[in-house]
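These are my notebook entries on one protein model, kept in the order in which I looked things up.

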Amino acid sequence: QASTSARSFQLDYEHNCFRKDGAPFRYISGSIHYARVPRPAWRDRLLKMYMSGLSAVQVYVPWNYHETLPGVYDFTGNRDVEAFLDLTAELGLLVILRPGPYICAEWEMGGLPAWLLWKPDITLRTSDPAYLAAVDSWLHILLPKIKPHLYQHGGNIISVQVENEYGSYYACDHGYLQHLLGSFRALLGSEVLLFTTDSTRVEELRCGTLQGLYATVDFGPGSNVTEAFGAQRRVEPKGPLVNSEYYTGWLDYWGEAHASTSAAWVARGLEDMLQLGASINMQYMFHGGTNFAYWSGADYKHQYKPVTTSYDYNAPLSEAGDPTEKLFAIRTVISKFQPLPVGPMPPATPKYAYGSVALQKYADLLDVLDVLCPSGPIQSQFPLTFEDLKQAHGFVVYHTQLPRDVPDPATLAAPPHSICDRGYVMLQKEYQGTLERDGQTTLNVTGKAGDTLDMLLENMGRISFGANTSDFKGLLGNLSLNSRPLSNWLIYPLAIDTAVQQGWPHAALPESSSGGRVGPAFYTGTFETPGISWDTFVKFPGWSKGLLWINGFNLGRYWTRRGPQQTLFVPGSVLHVGHPNNITVLELEGAPPTPRLLFLDRPLYNRTLGRST
């Protein structure tokens, strides 16, 4: 057993490799995001990664998952990053840590906290003093927790990435990278290996790299491996070849087909790189998991593209942690280059189809604002954003009245780019339709002076990649009626999750709800498990779009009407055995005539708009 003082992990520029405790070393790694995997499943997923032949895992730390409000930190439960690191060490895995501060990861705002936008003119990911002050105070909390886990200190973190594909960001602010390098060195010491990751494009490598940070690249199975590593060699003429993100699959956007990447193609690219002696991390993803609650991000590619709740990614380990054909293909390739651990691959986790569960309507959302916004509304002449209201996620209701009689259809309109991201419109509490970012922004309405007009505004996740501007949420401009602005708003920031976590509406007396099936409303039901709490998948036959909670746990957004994802993953760890499981659904557009959910033993990922369910 080497003493701690002899432990080292270094670059060898002479022999173009890493050296671990002085011996040449190459890693084969895979990415897993602890925030997307329920804590009770961490061990299962990591063990399967170890048994696949991986020597390391690559791990992001999402800043906004831990610093939920300025100076308010959470490292408990699913957010206990040190417990996760301890588990990786116990299972014999090394760790490549990516603490950001920006991580992309298709995660809400790329891991940056929404509260940064409380200062509306802040320039993210630059040397803006307001941004750097927030980053520094966070790094002073996070990095001292990480330091004892570094390889040099007896832990298992062999390297730490600074920022994330910074070259793809417009700012190209080397002063910012220099500042981060100084902070990481001051807090983690001089010995830890710090690196960057960028695409193979010349411009991105120019903006994303910095003297003092080892430059690595990322590319997928379709690339010419020699050319791709040639790009790394232009910025790092010597040292190990490293692909920090080898794409084993791809993400899904709402309204587009489910992505898939062939196992043979992935395996071939992996073998080509291993033959060159490269170190590789399989990301995006080795195990993807799930964007529970409001954590999914969005890309901006000519338009706003929100990411699905499932983060299955067509990865070697499925959303539910099951080994796939792709995993075994990868393991076979790895076995040609290094011995595999002895023993069988742990099996797929057991699934159970709990069957059909009837729900009943509890109340229209507009009838329970007193519960969802206990502090009451905020009065404002004009609409306020989520950030003005200090609301990070979820929903806000904007309420006003028609200023005059509208006997003939008048155009209710929002200025371009001002609905962020979807607005459900009610007139006299009757659902009229939905306005959408980069989609429909007008509706025709009629009514009388004094009629109530409500818009429920949904935040679908802040942009994590592709935008050069901050992604504010809510109603960013003024609604107008036949071009005349509406004013005198009552604005209700909704704390739906707080209410549901406290047992509402199951612990409340039933509301005398209207029998209507359209517009935003809550539905409830219960089911018992037959003495087991196995993983399951829930399907929404005939439902449109909304959110699901079971036993107060927010399982994320469903969008049956748009697809491709048709089921939500329900980890067995959220279910009760021996007493009823409480289901709460917030349906936003329209429930089926007989509202029910269907629990299946397998997922459905690939049914898009226009296909029957």
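**Entry 1**

The model is a predicted one, in which local features need pLDDT of at least 70 and side-chain atom pairs count only at pLDDT 80 or more, while totals for chains, interfaces and linings use all residues. Residues are numbered from 1 along each chain as its sequence is written, and side-chain values use heavy atoms, with hydrogens and water left out.

The side chain of Arg206 meets that of Glu203 in a salt bridge, at 2.9 Å from N to O; I take a salt bridge to be a side-chain nitrogen of Lys or Arg within 4 Å of a carboxyl oxygen of Asp or Glu. Glu203 is also partly exposed, at 41% relative accessibility. Because Arg206 and Glu203 are three residues apart in helix H6 (residues 202–208), they are separated by about one helical turn. Helices (H or I, at least four residues) and strands (E, at least two) are DSSP runs, numbered from the N terminus.

**Entry 1: pairs that reach across the sequence**

I then searched the whole structure and noted 30 salt bridges. One of them joins Asp80 and Arg39, with the closest N and O atoms 3.7 Å apart. Asp80 lies in the loop between strand S7 (72–73) and helix H3 (81–90), and Arg39 in the loop between S4 and helix H1 (42–51), so this pair ties together parts that are 41 residues apart in sequence. For Arg39 I read a relative accessible area of 33%, which is partly exposed.

I next looked up Asp322, which forms a salt bridge with Lys351, the closest N and O atoms being 2.8 Å apart. Asp322 is in the loop between S15 and H9, whereas Lys351 is in the loop between H9 and strand S16 (355–358), so the pair ties together parts 29 residues apart in sequence. Both partners are buried, Asp322 with a relative accessible area of 16% and Lys351 with one of 15%. I also noted one network of salt bridges that share partners, made up of Arg422, Glu436, Arg561, Arg562 and Glu589.

**Entry 2: domain 1 against domain 3**

The domain assignment, whose bounds come from an automatic or database source, gives domain 1 (25–336), domain 2 (355–362 + 497–600) and domain 3 (375–494). The contact between domain 1 and domain 3 takes 28 residues from domain 1 and 22 residues from domain 3, contact meaning heavy atoms within 4.5 Å.

How much area do domain 1 and domain 3 bury between them? I noted about 2200 Å², 60% of it on carbon and sulfur atoms, buried area being the accessible area (1.4 Å probe) that two parts lose on being put together, summed over both. In domain 1, the residues that lose the most area to domain 3 are Trp118, Tyr300 and Tyr304, together 30% of what that side buries. The count of salt bridges between domain 1 and domain 3 is one.

For helix H8 (residues 263–275), 13 residues at 1.5 Å a residue should span 18 Å, and the end C-alpha atoms are 18 Å apart, which agrees; the expected span is 1.5 Å times one less than the number of residues. Among the buried residues of H8 are Val266, Leu270 and Met273, and what covers the buried residues includes strand S4 (28–32), helix H7 (225–235) and helix H9 (325–335). After H8 comes Gly277, with a positive phi near 80°.

Thr248 lies in the loop between S12 and H8 and counts as buried, at 0% relative accessibility. Leaving aside neighbours within four places in sequence, the contacts of Thr248 include Val266, Tyr284, Pro316 and Lys326.

**Entry 3: backbone details**

I looked up two cis peptide bonds, one from Gly100 to Pro101 with omega near 15° and one from Trp504 to Pro505 with omega near -5°. Pro101 sits in the loop between strand S8 (94–98) and helix H4 (129–146), and Pro505 in the loop between helix H11 (496–501) and strand S31 (521–527). Lys390, a residue other than glycine, has a positive phi near 60°, and is exposed, with a relative accessible area of 52%.

Terms used: Buried < 20%, exposed > 50% of the residue type's maximum accessible area, 1.4 Å probe, protein only.
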